[in-house]
Amino acid sequence: MTAQPIARPTAATRPDTDRPLVQVDGLARYFDVSKPFLNRLFEGDKRQILKAVDGVSFEIPRGQTFSLVGESGCGKSTIARTVVGLYPPSRGKVMFEGAEISALTTRRAMLPYRNRIQMIFQDPYASLNPRWRVRDIIAEPLTAHHNVTDTGAIDRRVGELLSLVNLSPKDGAKFPHEFSGGQRQRISIARALASQPDFLVCDEPTSALDVSVQAQILNLMKDLQTQFGLTYLFISHNLQVVYHVSDRVGVMYLGRLVEWSDKKTLFTHPRHPYTRMLLDTIPDLDMTGRERQPVAGEVPNPINPPSGCPFHPRCPHAEDRCRAELPTAKPSPEGSMVACHAVEEGRLPAEPRQVAPAVATA
Amino acid sequence: MADPLLSVRNLRIEFPTRRGTLVAVDDISFDIHQGEVLGVVGESGAGKSLTGTSIIGLLEPPGRIAGGEIRLEGERIDTLSYEKMRRIRGKKIGAIFQDPLTSLNPLYTVGRQLVETIQTHTDMTPTKARERAVELLHEVGIPAADRRIDSYPHQFSGGMRQRVVIALALCANPKLIIADEPTTALDVSIQAQILALIKKLCREHGTAVMLVTHDMGVIAETAHRVAVMYAGRIAELGPVRDVIKHPKHPYTVGLMGSIPSIGHDLERLAQIQGSMPRLTDIPPGCAYNPRCPKVFDRCFVDRPDPIDLGDHLAACWLYDRADAGLGSERTPEAMTA
Amino acid sequence: MTVQDTAPDIGDSHPTVDPSAVRQGGRSWWQRALDSDIFYSYRRSPITIIASIVTLAFFVGAVFAPWIAPYDPFNPASLNLMDGLVPPMSESMFTGNYFFLGTDQQGRDIFSAILFGSRISLLVAFSAVLLSMVLGVTLGLVAGYVGGWVDSLIMRIADIQLSFPGILVALLIFGVARAVLPRDMQDDMAIYVLILAIGLSFWVQYARTVRGSTMVEKSKEYVQAARLIGLPTWVIMFRHVLPNVMGPVLVIATISLALAIISEATLSFLGVGVPPTQPSLGTLIRIGNDFLFSGEWWMTLFPGIALVMLALSVNLLGDWLRDALNPKLR
């Protein structure tokens with residue numbers, strides 16, 4: 001990195017490194033998806049509540065990456081938006097450096113944390129205002145609260161940020177539509193970094209990109225993490241990407257975390273039947289001839305989730321207890337946390353996976 | 001080898017615009033044999049979907065086929081009138097698109113759409129056609145097909161809807177199915193189910209499939225051969241195992257290297273610098289030259305045509321035997337050392 | 001096979017940063033305008049070019065009426081009753097003055113009256129459109145962005161107003177103003193009342209359109225990014241959302257400019273618009289109408305043609321703008 005480094009303390013020099021930077025405790029977020037009042041009155045429908053996230057807890061240590069993985073509708077994006085404060089939680093709390101930021105309900109009360117928590121979005125075509133020049137987009141976090149007013153200083157900083165994400169400072173004068181998807185995602189990252197955040201929430205940052213560009217963005221994110229000691233909450237449905245970027249991984253199903261642990265344990269000793277199913281769906285690029293056993297069924301409608309364990313209709317190991325009682329997370333012998341009756345009762349033997357295949361390319 | 005079912009020769013697709021003519025697909029040739037799954041993989045804008053839509057004759061104006069020919073069972077189909085092409089589409093060529101919702105009419109029951117399609121292409125009685133529709137739904141794995149047949153598309157989930165679309169494509173027992181990103185909009189577990197279904201159909205009916213996707217994993221699972229497209233041209237074409245394990249074209253090498261894989265603990269992924277050029281500024285010579293780590297002077301001047309390397313084609317000057325004087329130093333092994 | 005360049009990706013190609021660079025390299029607004037698809041579609045549409053020339057001619061004529069008009073039609077001192085009811089393209093039998101489009105019964109030159117009349121018509125129409133646009137866009141933006149009961153309230157008011165014809169709403173406002181204002185102020189205030197009446201009867205269309213596109217834009221990620229910066233709601237609404245919902249607003253504004261010109265003419269024709277001492281196109285037509293059956297057809301025909309040409313060309317411009325801004329028709 002030959003561009004001028006941006007002065008800021010690194011993770012190592014900060015005080016209070018023992019406590020996790022981010023703690024999420026019993027987080028729940030419900031959405032009222034009922035029809036309008038008059039329709040309910042005349043049609044006799046009940047109120048319908050979508051429990052998008054229900055009782056999720058995790059911690060992210062400073063400088064690490066925690067990933068949430070799951071299929072669409074499992075609530076992972078809702079968690080991302082609740083953690084950054086775009087939605088207030090229905091229950092539970094979000095703590096940042098020990099402060100309960102989810103209790104800060106007004107915009108002004110939240111302002112001190114706004115600079116420090118930022119987000120990278122999924123769709124690079126929707127996350128940049130099409131009518132603004134790139135320079136103004138990136139400068140907005142600097143100028144929004146009149147903390148920087150000197151135009152020269154702003155331009156210099158925008159130039160630095162653009163170089164940091166490997167774009168040219170000259171790109172500042174252009175409009176978003178003049179860039180490709182990958183370049184737009186870089187601009188989005190530059191904007192997120194402008195206020196020198198500690199914590200970045202990344203909601204499927206590469207799923208709209210082509211593979212070769214995805215690699216560039218993932219590398220950039222890793223480099224920035226090393227350089228600035230950033231902490232990431234990474235949301236993805238792509239297990240390969242999650243394996244590549246994460247320190248710890250949580251698997252979500254219908255608004256709940258079903259299994260979480262460090263990356264190695266989760267991928268080599270998956271315990272929960274859903275985690276195993278997800279691992280089975282990874283395409284076999286190494287052409288080992290492994291016949292995949294597609295799992296039957298689909299994710300049920302989250303408005304009417306199944307009783308007991310939400311996974312039981314698709315689970316080959318489901319018993320009466322699974323249909324009646326919601327499992328709570330218990331530690332497994334390998335150190336992961338698993339919410340499954342079958343695992344708890346020892347009905348589901350360990351099934352280590354070989355995840356380090358022979359070298360893929362010649 | 002028997003005559004190919006589909007043969008595409010020197011296909012060129014152009015888009016006239018006010019800033020000049022854009023060449024979206026530039027001189028590509030390939031064959032698909034009976035019962036074969038040909039994967040077509042590439043980044044967005046590489047021209048893979050356009051190739052598919054031009055084969056089924058649904059290229060949207062102002063796009064037009066500006067050169068080359070497409071033959072199905074030896075008969076030219078790119079010059080047919082819309083009406084004649086409509087009869088071939090459905091009867092001989094079926095199509096599956098990315099978004100199952102847009103392929104189905106939301107106002108009609110699934111059964112009605114199936115029966116209508118069956119009756120268009122065969123002379124079955126309504127009762128017979130309905131029986132056939134139930135049979136098809138059953139075949140694509142829709143449980144309780146005899147009851148679900150009278151449901152509307154919105155009453156099905158995403159994965160089930162895609163199964164209905166596949167049933168619709170199968171109505172007239174087509175010889176060839178063009179599947180354009182059939183699993184991209186679906187969850188991973190459903191994706192596996194749909195791919196297994198496509199493979200099963202191929203095996204049991206001898207249907208050929210052209211599988212267009214951006215996902216190398218889908219190709220590895222499903223295809224027999226793969227064509228890697230870049231900026232409107234085929235960069236590499238060969239048996240899927242060969243291409244994935246021993247990629248020849250530097251673009252394929254880069255593409256394979258940039259896929260993160262579980263078990264490989266890498267600090268950084270191998271990456272291809274830059275991005276694919278827009279159609280408006282494709283560089284002279286090889287279109288990949290600005291990003292290629294092995295580029296040399298000839299790549300800036302001449303556009304490489306696919307070069308035969310046994311059962312594997314690669315459009316790259318590295319493999320040009322005629323380029324003798326320098327050739328020995330530029331064998332792939334020497335380059336990768 | 002590790003052939004890729006795995007060198008660090010960061011910043012290696014830009015060792016130093018020139019702060020002025022972030023403002024250079026882009027094209028200026030007129031370069032972009034000349035190269036834009038909209039200008040291209042303008043150049044390719046002869047009807048639009050003609051319509052814009054006609055509209056421009058009216059504007060120039062209206063703005064510079066005092067300098068262009070051969071006579072001052074509203075200065076009683078310069079009027080000569082001897083010049084009354086001269087047919088078009090002829091000279092007065094008594095004074096020898098030439099009148100291109102003839103005169104009325106008081107000896108006013110019709111051509112000059114049309115120039116001054118379109119001045120009033122355009123002023124009223126423009127101000128009314130501006131008023132309804134500001135009102136409608138603001139209310140639509142608030143309704144779409146804030147949602148909830150605010151949205152319900154604004155949109156129900158809009159629904160109620162839509163159930164009356166626009167001209168009826170304008171007449172109602174006019175009637176109320178008549179009752180409230182003292183009699184001697186009524187003529188002076190007529191223009192402002194007219195602007196208010198037409199403006200208030202047109203806001204609904206803006207509000208509905210803007211509300212719809214605001215709800216679409218609101219869910220986009222750039223708005224969420226702005227919320228994450230901690231910007232106040234009104235800043236997000238006006239700086240981020242507003243520029244992205246203005247496209248359809250411009251189209252409505254152009255088309256409703258034509259409607260406003262016609263509404264003004266209708267109201268003036270009905271006798272509730274501007275007073276005859278300051279006639280607009282509508283007033284001129286009304287005055288001329290009384291003479292239609294006594295053979296002085298030019299008094300009503302020429303202002304009528306002027307009104308149709310103006311409204312038609314503005315409308316054609318609006319139609320073109322709608323198509324040019326619609327990506328599906330490009």
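A disulfide is counted here as a pair of cysteine sulfur atoms within 2.5 Å, and a search of the whole structure finds 0 disulfides over all chains. This is a predicted model, in which local features need pLDDT of at least 70 and side-chain atom pairs count only at pLDDT 80 or more, while totals for chains, interfaces and linings use all residues. Residues are numbered from 1 along each chain as its sequence is written, chains are lettered from A and ligands numbered from 1 in the order in which they are written, and side-chain values use heavy atoms, with hydrogens and water left out.

- Cys202(B) is in no disulfide, and the nearest cysteine sulfur, that of Cys171(B), is 18 Å away.
- Cys202(B) has 6% relative accessibility and counts as buried (buried is under 20% relative accessible area, exposed over 50%, and partly exposed in between, with a 1.4 Å probe and protein chains only).
- The sulfur of Cys286(B) has its closest cysteine sulfur in Cys299(B), at 6.0 Å, which is too far for a bond.
- Cys286(B) also counts as buried, at 12% relative accessibility.

**Interface of chain B and chain A**

- Chain B contributes 47 residues to the contact and chain A contributes 49 residues, where contact means heavy atoms within 4.5 Å.
- About 4,000 Å² is buried between the two chains, 53% of it on carbon and sulfur atoms; buried area is the accessible area (1.4 Å probe) that two parts lose on being put together, summed over both.
- The interface holds 2 salt bridges, a salt bridge being a side-chain nitrogen of Lys or Arg within 4 Å of a carboxyl oxygen of Asp or Glu.
- Asp223(A) and Arg268(B) form a salt bridge through their side chains, at 2.4 Å from N to O.
- Helix 7 (158–170), helix 8 (188–205), helix 9 (216–222), helix 10 (240–245) and helix 11 (250–257) of chain B each supply at least two residues of the side that touches chain A; helices (H or I, at least four residues) and strands (E, at least two) are DSSP runs, numbered from the N terminus.
- Helix 8 of chain B gives the most to this side, with 7 residues.

**Salt bridges within chains**

- The whole structure has 51 salt bridges over all chains.
- In chain B, Arg71(B) pairs with Glu69(B) in a salt bridge, with the closest N and O atoms 2.7 Å apart; Arg71(B) is partly exposed at 28% relative accessibility, and Glu69(B) is partly exposed at 22%.
- Glu83(B) and Arg86(B) form a salt bridge with the closest N and O atoms 3.0 Å apart, and both lie in helix 2 (residues 82–91) of chain B, 3 residues apart, about one turn of the helix.
- Arg132(B) forms a salt bridge with Glu135(B), the closest N and O atoms being 3.4 Å apart; Arg132(B) is buried at 15% relative accessibility, whereas Glu135(B) is partly exposed at 49%.
- In chain A, a network of salt bridges links Glu319(A), Arg321(A), Glu325(A), Lys330(A), Glu344(A), Glu345(A) and Arg347(A).

**Backbone features**

- Pro61(B) and Pro62(B) are joined by a cis peptide bond, with omega about 5 degrees, and Pro62(B) lies in the loop between helix 1 (48–55) and strand 4 (64–72) of chain B.
- Asn10(B), although not a glycine, has a positive phi of about 50 degrees; Asn10(B) is found in strand 1 (residues 6–17) of chain B.
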